Each structure stands twice: as structure tokens, then as C-alpha cells.
Amino acid sequence: MLLGTRGLNEPDEGRYGEIAREMVQTGDWLVPHIWYVPHLDKPPITYWCVALSFKLFGVSEWSLRLPLALAGLSGAWATWLLALSIAGRGSARWSVLILSVSILYVAMARMLTTDIFLTQFVAWSLYFFWRGWRCLDALTDDDEYVRGGAGKRFIGWQAAMWAALSGGFLTKGPIALAIPLAAVAGLLWFRRRDSTRRNMLILGTAVGLSVFVLLALPWYLMVFKAEPGSYRFMVVDQVIGHATGGGAKNRAKPFFFFFGILAIGFLPWTLLLGWLWRRTHWRLLSPVRKEAWLMLSVWAIFTFTLFSINSSKLPAYILPMFPALAILVALRWRLGEESKDAESDSDPPAAPAWAWRAVASASFIPMIAMPLIYRFAFRVDDQNWIWIQVGLATAALAVFAVLCRAWNPDRCRRWAVGLGVFQLFLLIALVPTVETRLKSNQTLREIGAALTRDYRPGDALIIWNRLPQGLPIYASTVITPTNQPYLAQLPQHRMPFEYPGNAERFGDRVITNRADVTRMLESDQRVFVVGWANGMAGFQLNATNAHLRMILRSGVWELYTNQ
């Protein structure tokens, strides 16, 4: 719902969307291309999903984001099934509700990156593993037929797990293996004295690896063969270099970066995390619940720790831990459970009443914070709704804080879900009013529409200083395989030149001398320039024989011409 209300945000949505569009246009679904040159930063699953959607429904913002929404639903479905197999239908329902109104999860199910696809594959792989792990409980049965059936089911679930891992590996590489296998290793350590389980797991892994090799490796091998140098770029530069040199892409952040992201991204449930891992609660769990709790905890904590120590950090990197957190919160507070644990005579320690009231009120925080971010961080000063929303949300928060003082925890969490849904729809509905003000994350829709309207055959197009990655989506009749623009003074270590040989593929379309651009602007040929902010002013000072005219200034981008 509301998937197509805003333009594509640069650079991620523009980049992934353009790669998918070129797959459909050129028919090359093997090697990803952007601006018609190879781009092998990521494996292909994300591109394939979007390209298939484009093929079925045409190129649009809605069709681009449809696979994201479906991946979000898929991750929620896996969360439901995993929680259902651990604690029953009530806990499964609350796990999905907690996940589905968490800010970061919902945001990334509407913003095209690889993270929501990776999250669903991680969730499915661990659901399949858990089902297989529980099959091994029957290995102690006296009936040989029952034991044999349990072993066969375990192997089947292991094969399904590794199929899901293959999907994750084709989405984001080795990280898709690291997270689930860390959770499996934690559970195996917990049952380290159970040699039967260990031996069965070795057998299941052997079968699963065969599935993995058949599903995940062929694409890599075909690309390595089709694109010389791709092995070094993808394995050495991307996998190893991404972990150790994140600052090269402005992704280096302090180790505590994700504490803030988790605190905001898991709203309105963040406060409940403070009571998750308590010794008293652990002692009350049955043996089966302890295994589930351990697996989920390792899943969440390993993901958070891994990305915290990694030098490369982006907010959505920790998204794969969110299904685990949602189930942990539901299990910790026994949300939806009608009875105590089968092997426990006591309820787990409860959170303070003020914590539940804070959870119910937390959905107002984004309603207040986001308009202020638009105003002061992005300098949006012509939208009166900003101050109206801040005032109304602040007043509503004050009234709500008084009203909920008499509420029990169940009523508080139900209101948290309702208000969470409301605030998410409100934020989604208002983003289009500021989408061209979001600095480097803005949309290029207006620039593309103006360029398509004014450009004529025989005109020249120069891209100046920075690549507008998703521009061809909005100007597909201007930028084509046979009509590439000139690329002037783009950084050689960044797109589209970061892949070896791409600069040579563009040939004489690459301009490294500012004076050559000035001469083109002073010529009789009509020249359009799409450039980074304030580029026109610099050329106006140097191009004495050119009379530059601004066509459109959209956020940090400019479109201007010499005629």
C-alpha cells in the first residue's frame, strides 16, 4: 500500500532500480549493469526480483517496491511460523505485530536495498533449522520406525535450510551464512554432550552443502567466466575490502553506532529490550524453551556484534536481527500465551508499569521527531504542516500519557500497535512533500522529467561531478545504450568507474579536464548538464562565451543548458 507515492531515493533505490531496468531492456540477466557497464557490487537476487516485477507490471516506483513489500511479508510469515513452533499461536501473532510496526523493519520493506531480502532468508533458514532440530527429539523413541522417520524429516528440513541460505548468499554474500550458522553453533554448543544430535547435524550439513552448491554457486562461476577480473573484484575487493575499508564509501562509523539505530529502529518496543536477558527468566524456562531462547539470542546478539565491529556501517545492516528480537519480546512477556510454561510454576518477572506506558506512548516520538528533522537537518522551511504536526503530536502525547496511567500492560501494547500503524501511514503520506529536499537521498524524478521534456536528438548531455545513479529510469529515452552522456570529473574510485575496465568502456565519453567541458558549453551545439549543487555558477564564471540557463534546481541537483 502506498508503494508508489514517492520518487526513488538516491543512491540506493536509483541504483538497484536502474540495474533491474537494464536487465529487462538488454535481456542480460547474468551480469548486472548500470549505465550499461558492469556493476558487481552485489549478487543478483535483489536485481532479479525487481526486474521480474518490471517485466510483469512495467517500470514504476510501485513495481520497483512491490518485491520489497513481499519480502517484508515473507519475513513476517517466517517469524510467525517460528514463533508458532516455539510457543503457539498467541505468541506468533504478537511476534508478527511487534515486527510489523517496528520502524526500521517497515521502512526497509519500502526502501529498495538488499537488507529486507537478506532478513527474510535468514528468518526462513532458522525456521527450517528449528523444525529439523525438533525432529531429532524423536531419536530417543523405542520405535525404530519413528526414529527413522524423524531422521528423514530432519534431512528434509536441513535441505530446506540450506536452500534458504543459498537465497541469502545470492542476495548479500557470506553474511547470509554467518548469521544463521552462528545461531546453529550456539545451540550445538548448548547440546554438546549429545553426540547423536551432533552426528545427525553433520550428516544434514553434508546434504545441505550439496543443495547450496547446486543453487548458489552456478551464478558466481558463470559471472567469473563471463567477466575477467570479476573474481578479484567480488571476493577480494568487495568481501574482504568491505569489512576492512568501509571509510572508502563514507560508511565508517564508531562502534556504538548501532545502539542508536536499534533504539530508534525498534520503536515502540525499545524499552522492553532492557528486561530481555535476565537470569531469573532463564531459570523458569523449560528445556525446549531454553534451546529456542538461546538460538534467538545468539541470532540477535551475533548480528548486532558483527556489524558493530565491522568498519562499514549503514543503518539497515542490523535488520536481520529484528525477527529474533520480535520473538524474544513476545516470549519474554508471554504475549498471547494463555498458560504458564509447561514445566514452570511461576511467571517470569514483569516489566515496571511505567515501561508499558512508555511503549504505548513511544509511537508519538517519530511523529514529533521526523518533522523537526525535515526542518532543521534538511532545511525545509516552506511546509506549514511541519509545525502543525509537531504541535498536535506533542499535545496528543501529553494527553495520552495521562490517560494510559490507569491501563494494564495488555491494553498498553494493543494501543502501541494501533498507534504504530497510524504513525507509519502518516510518515509515509507526508514524505512526498519533502522528497526533493533530502540532500543526497532525494529523488531525481523532477530532473528526469524536465530532461526528457527538453532534450532533442543531436543535443549533448554532460553528467558533472557526481553520477545521478537512477536518472535513466526517469530519462530512459535520453540515456540509452547508443546515446550515452559525457561523464565529466566523476571520482575515479566510485561508480561507475570502480569496477575495473569501466572507464575504458565509456571511451571518449569520459572527460577529465574541466576546460573541455567549458569548450562544449561555448560551442553551437545545445548541451544539457546534470550536475551537483552550484555547478552552474562555477561554469558561468569560466565560460565567457556561453550564456547558461537554469532549467531546474531540485534539491542538490541542477539541470541547465547553454541555450
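**Exercise 1.** Determine which residues Arg 134 is in contact with, leaving aside its neighbours within four places in sequence, and decide whether Arg 134 counts as buried or exposed.

*Solution.* The structure is a predicted model, in which local features need pLDDT of at least 70 and side-chain atom pairs count only at pLDDT 80 or more, while totals for chains, interfaces and linings use all residues. Residues are numbered from 1 along each chain as its sequence is written, and side-chain values use heavy atoms, with hydrogens and water left out.

Step 1. Arg 134 lies in helix 6 (residues 115-135); helices are DSSP runs of H or I with at least four residues, numbered from the N terminus.

Step 2. Beyond neighbours within four places in sequence, the contacts of Arg 134 are Arg 197, Val 288 and Glu 291, where contact means heavy atoms within 4.5 Å.

Step 3. Arg 134 has 18% relative accessibility and therefore counts as buried (under 20% relative accessible area, with exposed over 50% and partly exposed in between; 1.4 Å probe, protein chains only).

**Exercise 2.** Describe how helix 2 (residues 45-57) packs with helix 3 (residues 61-87).

*Solution.* Step 1. The angle is about 135° and the axes are 8 Å apart; axes are lines fitted to C-alpha atoms over the stretch in contact, and angles run from 0 to 180 degrees between N-to-C directions.

Step 2. Helix 2 is therefore oblique to helix 3, given that angles under 35 degrees count as roughly parallel, over 145 as roughly antiparallel, 65 to 115 as roughly perpendicular and the rest as oblique.

Step 3. Helix 2 and helix 3 cross in a right-handed manner (the near helix is turned clockwise from the far one by less than a right angle; anticlockwise is left-handed).

Step 4. From helix 2, Cys 49, Val 50, Ser 53, Phe 54 and Phe 57 meet Trp 62, Ser 63, Leu 64, Leu 66 and Pro 67 of helix 3. The residues of this contact comprise eight nonpolar, two polar and no charged (Ala, Val, Leu, Ile, Met, Phe, Trp, Tyr, Cys and Pro are nonpolar, Asp, Glu, Lys and Arg charged, and the others, Gly among them, polar).

**Exercise 3.** Characterise the packing of helix 15 with helix 18.

*Solution.* Step 1. The angle is about 20°, with the axes 7 Å apart; helix 15 and helix 18 are therefore roughly parallel to each other.

Step 2. The crossing of helix 15 with helix 18 is left-handed.

Step 3. Trp 356, Arg 357, Val 359 and Ala 360 of helix 15 make the contact with Pro 409, Cys 412, Arg 413, Ala 416 and Leu 419 of helix 18. The residues of this contact divide into seven nonpolar, no polar and two charged.

Conventions:
Helix = DSSP H or I, 4+ residues; strand = E, 2+ residues; numbered from the N terminus.
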